[in-house]
Amino acid sequence: MKALLAVLLALVAGLLLYNYVTRGELTLKPEFLLSDGERQVEALERQLAAAQRSFKSVAQTASVTATDLTHEVEAARRDVVRIEKELREKAASMKGRAKEKADTLQRAIEAFKRELE
């Protein structure tokens, strides 16, 4: 009985670790069980995170070197506008958990756009 419990705990820990590494989220629900809408929103979340990292990197570089990096900031802004447009198109047909995630992502996009201004 103890061995079975140990194996079960090891499997749960492995699944949590796998999901954290691949999706950046501690959850027991593997990615292949997500709906198409949830997968699409997660892809857009990853794209937004990349745009945010790029913007923060540019901002740090600009503050240290005092160079004009307007082009890079504008590229980040265009990425965010594209992500927001894709999200609006896809969110129209989403329901349930996917719609909730889309709404959360929309709020994150709006917050980041305020940061870009």
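Is E115 buried, partly exposed or exposed? With a relative accessibility of 40%, E115 counts as partly exposed. The points below set this residue in the context of the whole chain, which is a predicted model.

1. Overall fold. The protein contains four helices and zero strands. Its order along the sequence is α-α-α-α. Of the contacts with a separation of 6 or more, 54% are between residues 24 or more positions apart.

2. Surface and interior. Buried residues account for 26% of the 117 residues. The accessible surface amounts to about 8000 Å², and carbon and sulfur atoms contribute 61% of that surface.

3. The E115–K56 pair. The structure holds ten salt bridges. In one of them, the side chains of E115 and K56 meet at 3.3 Å, N to O.

4. The E84–K113 pair. A salt bridge also joins the side chains of E84 and K113, at 2.7 Å, N to O. This pair links distant parts of the chain, with E84 in helix α3 (residues 70-91) and K113 in helix α4, 29 residues apart.

5. A pair within helix α4. The side chains of K99 and D103 form a salt bridge at 4.0 Å, N to O. Both residues lie in helix α4, four residues apart, which is about one turn of the helix. K99 counts as partly exposed at 30% relative accessibility, and D103 is also partly exposed, at 34%.

6. A nonpolar surface patch. L5, L8, L9 and V12 form a nonpolar patch on the surface. Together, these residues have about 370 Å² of accessible area. V12 lies in helix α1 (residues 2-23). The relative accessible area of V12 is 34%, so this residue is partly exposed.

Conventions
Residues are numbered from 1 along each chain as its sequence is written. This is a predicted model: local features need pLDDT of at least 70, side-chain atom pairs count only at pLDDT 80 or more; totals for chains, interfaces and linings use all residues. Side-chain values use heavy atoms; hydrogens and water are left out. Patches are made of residues with over 30% relative accessible area and no salt bridge: like charges are joined within 9 Å, nonpolar side chains (Val, Leu, Ile, Met, Phe, Trp, Tyr) within 5 Å. Accessible areas come from the Shrake-Rupley method with a 1.4 Å probe; for residues, only the protein chains shown count as cover. Helices (H or I, at least four residues) and strands (E, at least two) are DSSP runs, numbered from the N terminus. Buried means under 20% relative accessible area, exposed over 50%, partly exposed in between (1.4 Å probe, protein chains only). Contact means heavy atoms within 4.5 Å.
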